[in-house]
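Welcome, and please open the model in your viewer with the selection panel at hand.

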Amino acid sequence: MNTLRRMQESNHISFMEQMAKFESISLEELDSIKLMNRIDTKYITNESVLLEVLKDAAAAGYRALEVNDFRVSPYDSIYYDTDDLKMFQDHHNRRLIRQKVRTRSYESSGSTFLEIKRKNNKGRTKKKRTIIPSCDFSDFRQNSDAVDYLTRHSAFTVEQLSPVLETMFNRITLVNPAKTERLTIDVCIKFRNFKTKTDASLNNAVIIELKQDGRVPSQIKEILLKHRVKPSRISKYCIAITLTDPDARSNRFRPRIRNIEKIINQRLDTL
């Protein structure tokens, strides 16, 4: 399903209009600021507030990633975990050093990757990825090159892992004028749990992630603060498991679910 159709079905025409106000940046330019070893700061808000943030970001000179004439791109990811959800539990139990393993399809560019995200005890996130055939998106475990890549870059073996959860969302990517940071904005977030056969969504909630190599001054932080959007520790994978698997031990994430529900129901004029 193409981006425009998905946006129309979700009543997001206003986002398309707002995105047209940004100067564009190409994928090739974006590659110069990969930020693969970075500090991530996450935020959560709703779509009404996001429109105001986008207006201010465009006025501040931020540029929007454009791929094949699209500035809002569908992403599809499949997360892998052990039978006892060790990666999920490591996050739940506040382990500083942890990993995530996923395949991700970038529909706008037509690329598919196996991605391994590792977080160290200093709060820095390092992502490694390798391109894989699109036919291996659903399950990379029969691809010997991908398995070898996993073995070299992950603490988990392919025998330990299986597909657990699919996430689907539309992403806006913004870059500051100095090209020293990236901002990803995820809307229309949906989940599908393969084990429980349960679907869920975050409705009009928006997850924003600021990606920087270090704690340098950021104009987008000031814009977010202006609109009372504060940093929030949130993981789409962990929230998805909490929402779709009643047997998963997830007590620590329950308050975050309640906070998301409050944000979804907030009106702009009350913020």
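Start by colouring this predicted model by pLDDT. Among the elements of the protein, helix 1 (residues 3-9) has the lowest mean pLDDT, 43, while helix 6 (residues 144-153) has the highest, 97. Select residues 1-11 next: the pLDDT is below 50 there, and the stretch has 24 contacts in the model beyond near neighbours in sequence. Then pick residues 267-271, where pLDDT also stays under 50 and the model has 6 contacts beyond four places in sequence. Where pLDDT is low, the predicted coordinates should not be read in detail. For the protein as a whole, the average pLDDT is 88, and 90% of the residues score at least 70.

Now for the strands. Select strand 9 (residues 181-193) together with strand 10 (residues 198-201): the two run antiparallel and are joined by 4 bridges. Zoom in on Arg-192 and you will find its bridge partner in strand 10, Asp-199. This hairpin has 4 residues between its strands, and Lys-197 takes a positive phi near 60 degrees.

Look for Asp-186, which stands opposite Ile-207 of strand 11. Is strand 11 mostly covered or mostly open? It is mostly covered, with 8 of its 8 residues buried. Show the side chains: Ala-205, Ile-207, Glu-209 and Lys-211 point one way, Val-206, Ile-208, Leu-210 and Gln-212 point the other way, and all are buried.

Ser-218 counts as buried because its relative accessibility is 6%, which is under the 20% cut-off. Its side chain makes a polar contact of 3.1 Å with the side chain of Glu-181. Leaving out residues up to four places away in sequence, Ser-218 touches Tyr-62, Glu-181, Leu-210 and Gln-212.

Helix 7 comes next. Its buried residues are Ile-220, Ile-223 and Leu-224. Turn the view so that you look down the axis of helix 7: the buried residues fall within an arc of 95 degrees, so they line one face of the helix. On the face turned away from that buried side, select the exposed residues Glu-222, Leu-225 and Lys-226. Just after helix 7, Arg-228 takes a positive phi of about 60 degrees.

Helix 8 is largely enclosed by the rest of the structure, because 8 of its 9 residues are buried. Those to select are Lys-236, Tyr-237, Cys-238, Ile-239, Ala-240, Ile-241, Thr-242 and Thr-244.

Our last stop is the largest nonpolar core. Of its 28 residues, Ile-44, Leu-85, Phe-88, Leu-202, Tyr-237, Ile-241 and Ile-260 touch the most other members. Helix 8 provides the largest share, 5 residues. Apart from this core lies another, of 27 residues, including Phe-15, Leu-51, Leu-54 and Val-72. To finish, centre on Leu-85: setting aside neighbours within four places in sequence, it is in contact with Val-164, Tyr-237, Ile-241, Asp-245 and Ala-248.

Terms used:
Residues numbered from 1 in each chain as written. Predicted model: local features only at pLDDT ≥ 70, side-chain atom pairs only at ≥ 80, totals over all residues. Heavy atoms only, no water. Pairing = 2+ DSSP bridges. Core = buried A, V, L, I, M, F, W, Y, C linked by side-chain atoms within 4.5 Å. Buried < 20%, exposed > 50% of the residue type's maximum accessible area, 1.4 Å probe, protein only. Contact = heavy atoms within 4.5 Å. Polar contact = N/O pair within 3.5 Å; in protein donor to acceptor, adjacent residues only side chain to side chain. Arc of directions from axis to C-beta. pLDDT = per-residue confidence, 0-100.
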